[in-house]
Each structure stands twice: as C-alpha cells, then as structure tokens.
Amino acid sequence: MMNQALSLKGKTAIVTGGGRGIGKAIALELAGLGADVALLSRKKETLEKAAQEIAAQCGVKAIAIPCHCGKEDQIQMAVAQAADSLGRLDILVNNAGTNPHFGPAIDGTPELLRKILDVNLVGYYSMIQAVAPHFQKQGGGAIVNLASIAGLSPSPFMGLYSISKAGVISLTQMFARELGPLKIRVNAVAPGLIKTDFSQVLWTTPAIMEEALKPCAIPRIGEPEEAARIAAFLCTDAASYITGAIYVADGGASV
C-alpha cells in the first residue's frame with residue numbers, strides 16, 4: 001500500500017521538455033504516483049507518443065501540448081490549455097533546456113547566450129509566473145526546476161549552459177522565498193552527467209567520458225530515472241517542509 005504522503009492521486013502536473021529524457025522520466029514518475037500530466041515541448045509527435053505511453057502504462061490522463069518553452073506567448077497559452085484540460089494545476093516541473101554551444105564560453109556569442117537563457121532561465125521564470133495564480137487560487141502547489149551541477153561549478157566546454165543553470169539555482173531560491181507564504185514550494189534538482197539524447201555528445205565521446213567519470217564516487221553515468229525520482233519526491237506531501245533546496249544527483253562527482 002502506497003504511503004499517502006507519496007501519493008499524487010487527484011493532482012495534476014505540467015512537465016516541460018516532457019517528451020524524452022529526464023522530462024519524460026519525471027512525467028512517468030509523477031503519473032506512477034497518480035498525477036495527471038501535461039507534457040510540453042516543441043516536438044508534437046514525440047510528445048504525443050510519450051503521452052500515449054504514460055497514459056497506457058499508468059492509467060492516468062496524459063496530454064501533449066506543443067509549446068516553445070522560450071516564448072512567453074506560447075507559455076501563457078499552453079498553461080491555460082493545461083489548466084482547462086486537466087481541471088486544475090498543482091505541480092510544475094521546469095525541465096526544458098537547450099545548449100547550442102559546446103566549447104569555451106569566450107568563443108560563444110551574445111546571441112547564443114540569449115538563446116540559451118531564453119529557454120533555460122527566462123522560460124522557467126515565465127512558466128512560474130503563468131502557473132502561480134492557479135496555485136494561489138487553490139491554496140498552494142509545488143515547483144521543481146531542473147538545474148545542473150554545471151550551475152554549481154562551471155563545466156568545461158559548457159560555459160554558457162553553466163551560466164544559465166547558475167541562474168536557475170538563484171531563481172529557485174528567490175521564488176522559494178517569495179512564494180513560500182502562498183504555500184508554493186520551489187526546489188531544484190541538479191543532475192550530473194545523465195544518459196540522455198541531450199548529453200549524447202558527452203557520453204559518446206570516450207575522452208570526455210573518461211574525464212567526467214574521474215571525480216565520481218559512483219563511477220558510472222546516471223540514468224534519467226535517478227534524477228526523476230528526486231523530482232517526483234519533491235512534488236509530494238512527503239516533501240511538505242522542503243523549499244529552496246538544491247538536490248544534487250551526480251554520483252558524488254561534486255564531492
């Protein structure tokens with residue numbers, strides 16, 4: 001029998017970047033705990049396939065809403081659609097991310113940095129602004145932002161991405177302060193190297209993998225589910241006194 005503090009039955013969640021990788025794994029974890037889910041990202045076919053899989057596997061309502069999570073007008077429309085389709089909103093997981101530049105930050109451009117920030121940071125901010133009134137109306141909610149250990153210590157060749165994730169950590173702590181009185185909890189998960197399509201260039205390059213694993217106390221790459229379980233926990237009542245926390249899941253690399 002499931003511990004009721006871990007149950008999300010009757011709750012609903014938005015997961016951005018929910019069509020694959022960590023986002024899909026989080027949506028599956030939330031649905032497995034009983035939540036209905038709305039998956040957001042740009043790729044409609046990938047989203048719809050993931051939503052169908054989640055609904056069939058978990059017996060919940062799962063919907064796909066195409067949305068560029070770096071564009072405010074699309075975010076506003078997607079949140080309104082999710083609220084209308086699901087009937088209420090209880091949980092937001094900001095997971096959508098981009099990193100079009102792999103190399104030294106000094107070799108990047110302001111345009112590349114803006115593109116990364118629009119999705120990885122400004123998009124998170126806009127999503128929180130859009131869901132907050134729904135959460136406030138029903139007396140609370142839970143928000144989980146996907147940060148990265150790159151936001152705690154800049155990663156080689158991922159300097160621009162590191163800047164954006166440092167911003168996510170600050171954003172999380174700031175909103176935890178502001179929204180706590182409204183019974184809205186805001187936390188973050190900071191994964192290390194996780195085996196997803198997003199990080200494929202890292203784990204398919206032997207020299208990079210060798211360097212990445214050297215500091216790990218658990219000398220292997222992480223799986224999406226290992227970050228997803230933490231995010232799901234933070235959305236439950238079992239985490240009711242946790243806000244402003246940054247949960248690192250990196251196999252001990254940062255120690």
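The expected span of a helix is taken as 1.5 Å times one less than its number of residues. All views show a predicted model.

**View 1. Helix α4, residues 110–137, and its length.** The 28 residues of α4 should span 40 Å at 1.5 Å a residue, and the end C-alpha atoms lie 39 Å apart, so the two values agree. At D118, α4 bends by about 45 degrees. Just after the helix, G139 has a positive phi of about 95 degrees.

**View 2. Buried residues of α4.** The buried residues are I116, V119, N120, G123, Y124, S126, M127, I128, A130, V131, A132 and F135. An α-helix has 3.6 residues a turn, so residues three or four places apart point the same way.

**View 3. Helix α1 and its packing against α2.** Helix α1 covers residues 21–32, 12 residues in all, and reaches 17 Å from its first C-alpha to its last, close to the 16 Å expected at 1.5 Å a residue. The axes of α1 and α2 (residues 44–58) are 10 Å apart and meet at an angle of about 25 degrees. Angles under 35 degrees count as roughly parallel, so α1 is roughly parallel to α2. The crossing is right-handed. On the α1 side the contact is made by K24, A27, L28, A31 and G32, and on the α2 side by A50, E53, I54, Q57 and C58. Buried positions in α1 are I22, G23, A25, I26, A27, L30 and A31. After α1 comes G34, with a positive phi near 110 degrees.

View 4. D107, by contrast, is 36 residues from I143 in sequence and 34 Å from it in space, C-alpha to C-alpha.

**View 5. K183 in the loop between α5 and β6.** The loop joins α5 (159–179) to β6 (184–191). K183 has a relative accessibility of 63% and so counts as exposed, since the cut-off is over 50%. The phi of K183 is near 65 degrees, a positive value in a residue other than glycine. Most residues other than glycine have a negative phi.

How values were computed: Residues numbered from 1 in each chain as written. Predicted model: local features only at pLDDT ≥ 70, side-chain atom pairs only at ≥ 80, totals over all residues. Heavy atoms only, no water. Helix = DSSP H or I, 4+ residues; strand = E, 2+ residues; numbered from the N terminus. Bend = angle between axes of the 7 residues up to and from the residue. Buried < 20%, exposed > 50% of the residue type's maximum accessible area, 1.4 Å probe, protein only. Axes fitted to C-alpha atoms, helices over the stretch in contact; angles between N-to-C directions. Parallel < 35°, antiparallel > 145°, perpendicular 65-115°, else oblique. Left-handed = near helix turned anticlockwise from the far one by under 90°. Contact = heavy atoms within 4.5 Å.
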